[in-house]
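Here is a friendly walk through one protein model. Have a look at the sequence and the structure first, and then we will go through some of the contacts together.

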Amino acid sequence: MNSNKIIKKEDVILDTPPDRETLIKMDYDSLKTHTLKLNVSRETIDNIKDVDKEKIFMANECLRLQPPFPRLVNPVIISVKHDLETMKKEITGKYIKHIRGKDEKYSHSEITTESYFVRLQQKDIDCENKKELLKNIDDEVSNLNLEDYKEKEAIMKFSCNNGKSSGEKKRRATSLQKRLLSEGYQRHRITNHEISVY
């Protein structure tokens with residue numbers, strides 16, 4: 001059973017490739033141009049000497065390669081929200097479902113915005129923690145007086161004199177250097193080894 005919560009629903013009629021009736025009504029040159037655009041071999045078409053049979057062949061190839069039905073569209077994730085208290089993740093996405101009529105031909109499409117919950121996994125928690133860490137580092141860097149951190153030694157001190165992991169030290173150095181660059185200051189080469197032995 002689908003437990004998705006529908007937030008918004010809209011019925012639309014999408015453009016579709018031409019059906020058999022439309023293809024057969026095309027004049028010869030238009031049908032051939034359309035068929036060649038679908039990468040059907042010109043040689044194969046030209047080898048058929050009967051014009052009526054040629055048109056039927058081209059129409060069949062067009063229908064085979066491009067049925068008169070909208071293409072399938074994968075769901076698009078709009079937002080993901082983590083709730084560490086309930087250990088759940090709310091995913092909101094946009095879905096498009098194509099509907100056939102009683103004659104089995106394309107009728108219309110339903111475009112829905114839906115949300116659903118799944119249990120948080122460890123990788124979700126790790127990702128959320130990393131995002132929070134990067135935000136905190138960027139916030140800290142945004143409050144610094146860059147004149148005090150334009151030299152390599154000052155950058156190293158800010159990045160490493162804190163008892164943090166090597167990964168976090170590297171992120172602190174990267175964030176500070178990004179801000180320095182954006183403000184027109186010189187970039188310094190800082191290696192992982194320099195950070196690890198500082």
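Leaving aside its neighbours within four places in sequence, which residues is Leu 176 in contact with? In this predicted model, the partners of Leu 176 are Val 141, Leu 144, Leu 146, Tyr 149, Ile 155 and Phe 158.

**Nonpolar cores**

Leu 176 also belongs to the largest nonpolar core, which has 13 residues. Val 141, Leu 176 and Ile 195 are the residues with the most contacts inside this core. At least two core residues come from each of helix H5 (122-142), helix H6 (152-160) and helix H7 (166-182). The largest share, four residues, is supplied by H6. Another core lies apart from this one and has eight residues, including Leu 23, Ile 45, Ala 59 and Cys 62. As background, nonpolar side chains tend to be buried together in soluble globular proteins.

**Two helices that pack**

Now turn to helix H2 (residues 28-37) and helix H4 (residues 51-65), which pack at an angle of about 35 degrees with their axes 10 Å apart. Their crossing is left-handed. On the H2 side, the residues that meet H4 are Tyr 28, Leu 31, Lys 32, His 34 and Thr 35. On the H4 side, they are Val 51, Glu 54, Lys 55, Met 58 and Cys 62. The residues of this contact divide into five nonpolar, two polar and three charged.

**Salt bridges**

How many salt bridges does a search of the whole structure find? The search finds 10, and the table shows some of them.

| Salt bridge | Closest N and O atoms |
|---|---|
| Glu 21 with Lys 25 | 3.2 Å apart |
| Asp 124 with Lys 89 | 3.0 Å apart |
| Glu 194 with Lys 152 | 2.8 Å apart |

Start with Glu 21 and Lys 25: these residues are separated by about one helical turn because they are four residues apart in helix H1 (residues 20-25). Glu 21 is exposed, at 51% relative accessible area, and Lys 25 is exposed too, at 64%.

The bridge of Asp 124 with Lys 89 links distant parts of the chain, with Asp 124 in helix H5 and Lys 89 in strand E3 (residues 88-100), 35 residues apart. Is Asp 124 buried or exposed? Asp 124 is buried, with a relative accessible area of 9%, and Lys 89 counts as buried at 15%.

Lastly, Glu 194 forms a salt bridge with Lys 152. Glu 194 lies in helix H8 (residues 192-197) and Lys 152 in helix H6, so this pair ties together parts that are 42 residues apart in sequence. Glu 194 is partly exposed at 27%, and Lys 152 is partly exposed at 28%.

Note on methods
Residues are numbered from 1 along each chain as its sequence is written. This is a predicted model: local features need pLDDT of at least 70, side-chain atom pairs count only at pLDDT 80 or more; totals for chains, interfaces and linings use all residues. Side-chain values use heavy atoms; hydrogens and water are left out. Axes are lines fitted to C-alpha atoms, for helices over the stretch in contact, and angles run from 0 to 180 degrees between N-to-C directions. A crossing is left-handed if the near helix is turned anticlockwise from the far one by less than a right angle, and right-handed if clockwise. Contact means heavy atoms within 4.5 Å. Ala, Val, Leu, Ile, Met, Phe, Trp, Tyr, Cys and Pro count as nonpolar, Asp, Glu, Lys and Arg as charged, and the others, Gly among them, as polar. A nonpolar core is a set of buried Ala, Val, Leu, Ile, Met, Phe, Trp, Tyr and Cys residues joined through side-chain atoms within 4.5 Å. Buried means under 20% relative accessible area, exposed over 50%, partly exposed in between (1.4 Å probe, protein chains only). A salt bridge is a side-chain nitrogen of Lys or Arg within 4 Å of a carboxyl oxygen of Asp or Glu.
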